[in-house]
Amino acid sequence: MAADRRDLLTFDRWDHWGLRGILWLLSLGAVAAGFVVPVVQWVTDRALITTVRTDVSAADLTRGATVTNPVSVPVAVAEPSVSERLWAAAPDALTALLVVIVARLLLRLLADLRGGDVFLDRNVRRLEVIAFLIGFGAVAVGLVDAFATMALAPAVNGQSGTSTFVWEITLYPWLTTMFIVGAVAQAFRHGARLRADAEGLV
Amino acid sequence: MPAEEAHRIVCHLDDLLAARGLTLAALSEAVGVSVVNLSVLKNQRAKAIRFSTLTALCEALDCTPGELFTVAAADSGA
């Protein structure tokens with residue numbers, strides 16, 4: 001039973017190929033959502049489907065209830081301008097770019113892991129870059145998203161509508177992940193040092 | 001990652017082998033250390049040596065650690 005559990009926890013070639021597949025799918029999905037869909041919408045001149053913050057009251061609220069704060073709603077903006085299309089696409093495009101870079105770095109790290117020689121300086125650098133992209137990428141996406149929401153508000157609310165800076169990204173999961181990956185990078189740094197020491201031991 | 005630490009230890013394995021008329025392969029067989037590892041030692045590429053390896057080498061070559069290794073003089077610098 002204990003041996004079975006050990007086998008289950010071992011990162012074998014099925015896990016390796018499974019993770020590779022997931023990373024590729026994630027990259028393709030991110031590129032599709034971040035680049036392909038906005039471009040296709042633009043080329044085919046379709047209405048801009050996006051999410052904006054608006055204080056327009058919901059018509060079907062009952063018993064005199066009103067919307068007290070601006071809310072995020074999915075909208076279709078007919079005949080959007082070029083800048084509105086670019087702002088609407090920017091957060092997803094930046095997210096896609098970050099996902100593709102992180103996935104590519106992880107795929108290279110996986111290749112070294114498969115080769116049996118993972119404690120290398122280049123993998124330390126890869127993990128440090130991943131940690132940086134996760135932490136500061138989340139902040140960057142949050143900022144771009146907030147500015148995009150501001151830029152798109154007039155398209156929905158009119159010039160007099162709400163156009164405030166709204167921060168909607170929850171940072172702590174990303175910052176926690178950044179620190180965890182950073183700690184793993186530090187462990188890899190020690191591993192690389194031990195490997196270098198063992199290499200010249202007679 | 002710090003740069004590889006410099007050292008001034010010089011290994012005289014090739015001199016001792018020549019003086020005793022031994023080959024690297026024969027020494028490898030006598031001490032149970034691979035020819036590759038002995039070659040690393042002989043060519044000054046080793047970073048560390050196990051006490052067990054040192055003991056075996058000293059026994060096989062009938063020498064002391066001080067005959068096998070010396071510390072090179074430091075560069076006087078500028």
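These legends describe close-up views of a predicted model.

**View 1. Contact between chain A and chain B.** In this view, eight residues of chain A contact 13 residues of chain B. About 990 Å² is buried between chain A and chain B, and carbon and sulfur atoms give 56% of that area. Of the area that chain A buries against chain B, 64% comes from A:R193, A:L201 and A:V202, more than from any other three residues.

**View 2. Polar and charged pairing across the interface of chain A and chain B.** Six residue pairs, both members at pLDDT 80 or more, are found in polar contact across this interface. The rule for salt bridges finds zero between chain A and chain B.

**View 3. The side of chain A that touches chain B.** Across the interface, six residue pairs are in polar contact, and on the chain A side helix α5 (residues 172-199) gives the most, with four residues. By class, the side of chain A that touches chain B holds four nonpolar residues, three charged residues and one polar residue.

**View 4. A nonpolar surface patch on chain A.** The patch covers about 440 Å² and is made by A:V31, A:F35, A:V36, A:V40, A:L97 and A:I101. Two helices of chain A, α2 (13-43) and α3 (82-114), each supply at least two residues of the nonpolar patch. Helix α2 of chain A gives the most to the patch, with four residues. One of the patch residues, A:V31, is placed in helix α2 of chain A.

**View 5. A salt bridge between A:D112 and A:R122.** Over all chains, a search of the whole structure finds four salt bridges. Side chains of opposite charge can pair when their charged atoms come close. In the pair shown here, the side chains of A:D112 and A:R122 meet in a salt bridge, at 2.8 Å from N to O. Because A:D112 lies in helix α3 of chain A and A:R122 in helix α4 (residues 121-157) of chain A, the pair ties together parts that are ten residues apart in sequence.

Note on methods: Residues are numbered from 1 along each chain as its sequence is written. Chains are lettered from A and ligands numbered from 1 in the order in which they are written. This is a predicted model: local features need pLDDT of at least 70, side-chain atom pairs count only at pLDDT 80 or more; totals for chains, interfaces and linings use all residues. Side-chain values use heavy atoms; hydrogens and water are left out. Contact means heavy atoms within 4.5 Å. Buried area is the accessible area (1.4 Å probe) that two parts lose on being put together, summed over both. A polar contact is a pair of N or O atoms within 3.5 Å; within protein, one must be able to donate a hydrogen and the other to accept it, and residues adjacent in sequence count only if both atoms are side-chain atoms. Ala, Val, Leu, Ile, Met, Phe, Trp, Tyr, Cys and Pro count as nonpolar, Asp, Glu, Lys and Arg as charged, and the others, Gly among them, as polar. Patches are made of residues with over 30% relative accessible area and no salt bridge: like charges are joined within 9 Å, nonpolar side chains (Val, Leu, Ile, Met, Phe, Trp, Tyr) within 5 Å. Accessible areas come from the Shrake-Rupley method with a 1.4 Å probe; for residues, only the protein chains shown count as cover.
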